[in-house]
Amino acid sequence: MARGSMAAVLAVLAVAALRCAPAAAELPLVEHPAKNDGSLSLLVVGDWGRNGTYNQSRVAEQMGKVGERLDIDFVVSTGDNFYENGLTGVHDQQFEESFTNIYTAQSLQKPWYLVLGNHDYRGDALAQLDPVMRKLDERFVCMRSFLVNAEIVEFFFIDTTPFQLKYWTHPKDSHYDWRGVAPRKDYIANLLKDLDEAMKKSTAKWKIAIGHHTMRSVSDHGDTEELLQLLLPVLKVNGIDFYINGHDHCLEHISSRDSPIQYFTSGGGSKAWRGVYQPNDDKIQFFYDGQGFMSLQLNQDQADFIFYDVSGKVLYEFTSHKTNHFQPSIYVTAE
């Protein structure tokens with residue numbers, strides 16, 4: 001993206017920041033224009049911030065090469081941006097050591113749209129949300145839940161960490177920064193309502209939900225029951241095409257047997273190889289227990305997904321052709 005286009009995105013963010021209050025009826029919206037031909041290209045990476053270790057730097061290098069080849073418009077992070085316990089504040093050196101100094105390729109000097117993961121909540125969660133971070137590195141666009149409208153596609157970025165009840169009731173030795181979130185039940189109810197309304201208003205050809213936690217997974221964390229109970233009905237009824245997440249440190253594509261939604265995990269940004277594979281009733285299209293990332297190219301008619309490993313090798317390709325479908329409205333409240 002040219003400097004002027006980046007400035008335009010940041011100007012929109014300034015307005016969006018005014019709409020981030022907990023009682024807001026609408027989610028913050030960022031307008032990101034598609035290419036002149038109407039297409040869009042992006043990379044997706046998750047679970048990465050480890051000061052370049054565990055092959056984070058190698059993944060970043062390959063992202064730069066693929067990003068240049070595809071002329072990407074932006075990068076999506078599926079969360080767990082900084083290990084092990086998020087940032088300590090807005091001046092934490094890990095921001096530069098795990099982000100700015102790692103993703104240095106020219107092709108990656110585009111907006112990064114990020115959600116928070118559970119490890120981010122273990123530190124100062126508000127630090128990553130602070131607009132001052134964009135003064136340190138203008139690429140870094142992180143909010144709890146927000147929308148990115150790229151004309152042919154609308155992305156719904158969802159704050160999934162508060163959904164998991166165990167983080168509230170059994171945090172073990174971890175501390176979670178629930179400022180601006182508690183009480184959980186009200187936060188989730190408001191978020192689901194806002195998502196439902198935003199998805200209904202969307203006129204984009206494609207609708208993609210982004211969250212940190214797995215909806216469907218055959219790796220270490222498996223399915224997230226709270227998301228299946230509370231969030232999935234909203235996605236189904238509003239015709240969401242894809243749910244993309246991190247959390248499990250692997251690459252996977254799953255087709256559910258009870259929905260047309262396709263599930264993609266891109267959580268291989270650094271530490272991986274957990275050695276866990278737990279097949280379930282869903283259709284496992286692809287699973288790779290190692291490091292890597294994903295690209296996504298979209299136009300009016302199709303969406304092309306590609307998974308790459310740490311050396312840039314193509315591991316898996318999947319193409320989805322657009323079909324229209326409509327379902328009525330519903331959302332469930334948290335217990």
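Asn118 sits in helix H4, which spans residues 118-121; helices (H or I, at least four residues) and strands (E, at least two) are DSSP runs, numbered from the N terminus. The coordinates come from a predicted model, in which local features need pLDDT of at least 70 and side-chain atom pairs count only at pLDDT 80 or more, while totals for chains, interfaces and linings use all residues. Residues are numbered from 1 along each chain as its sequence is written, and side-chain values use heavy atoms, with hydrogens and water left out.

At 4% relative accessibility, Asn118 counts as buried, a label that means under 20% relative accessible area, with exposed over 50% and partly exposed in between (1.4 Å probe, protein chains only). Contact is taken as heavy atoms within 4.5 Å. Leaving aside neighbours within four places in sequence, Asn118 is in contact with Asp80, Thr161, Tyr167, Tyr176, His212, His213 and His247. Several of these names return in the UniProt record: an unreviewed entry gives the annotation "binding site" to Asp80, Asn118, His212 and His247. These four are spread over 168 residues of sequence, yet they cluster in space, with a largest C-alpha distance of 8.3 Å. UniProt positions are given in the numbering used here, feature names are shortened, and annotations may be inferred rather than shown by experiment.

Asp80, another of the annotated residues, lies in the loop between strand S3 (74-77) and helix H3 (94-100). Asp80 is buried, with a relative accessible area of 1%. Not counting residues up to four places away in sequence, Asp80 touches Asp47, Trp48, Gly49, Leu116, Gly117, Asn118, His119, Asp120 and His212.

Turning to the interior, a nonpolar core is a set of buried Ala, Val, Leu, Ile, Met, Phe, Trp, Tyr and Cys residues joined through side-chain atoms within 4.5 Å. The largest such core has 62 residues, of which Met63, Tyr103, Trp112, Met215, Leu231, Leu235 and Tyr243 touch the most other members. Apart from it lies another core, of 35 residues, among them Val115, Val141, Phe242 and Leu251. Beyond four places in sequence, Trp112 touches residues including Trp48, Met63, Tyr103, Arg139 and Phe140. Cys142 is buried at a relative accessible area of 1%, and Cys250 is buried at 0%. The structure holds zero disulfides, a disulfide being a pair of cysteine sulfur atoms within 2.5 Å.

Helix H8 (residues 184-201) has 18 residues and reaches 26 Å from its first C-alpha to its last, close to the 26 Å expected at 1.5 Å a residue; the expected span is 1.5 Å times one less than the number of residues. Its buried residues include Tyr187, Ile188, Leu191, Leu192 and Leu195. The buried residues of H8 pack against strands S6 (146-149), S7 (153-158) and S8 (206-211), and against helices H7 (166-169) and H9 (225-237).

Ser295, in strand S13 (residues 292-298), is buried at 0% relative accessibility. Ser295 and Ile72 are 223 residues apart in sequence and 8.9 Å apart in space, C-alpha to C-alpha.

As for confidence, pLDDT is the predictor's confidence in each residue, from 0 to 100. The mean pLDDT of the protein is 91, and 89% of its residues reach 70 or more. Over residues 14-24, however, the pLDDT is below 50, and this stretch has ten contacts in the model beyond near neighbours in sequence. Where pLDDT is low, the predicted coordinates should not be read in detail.
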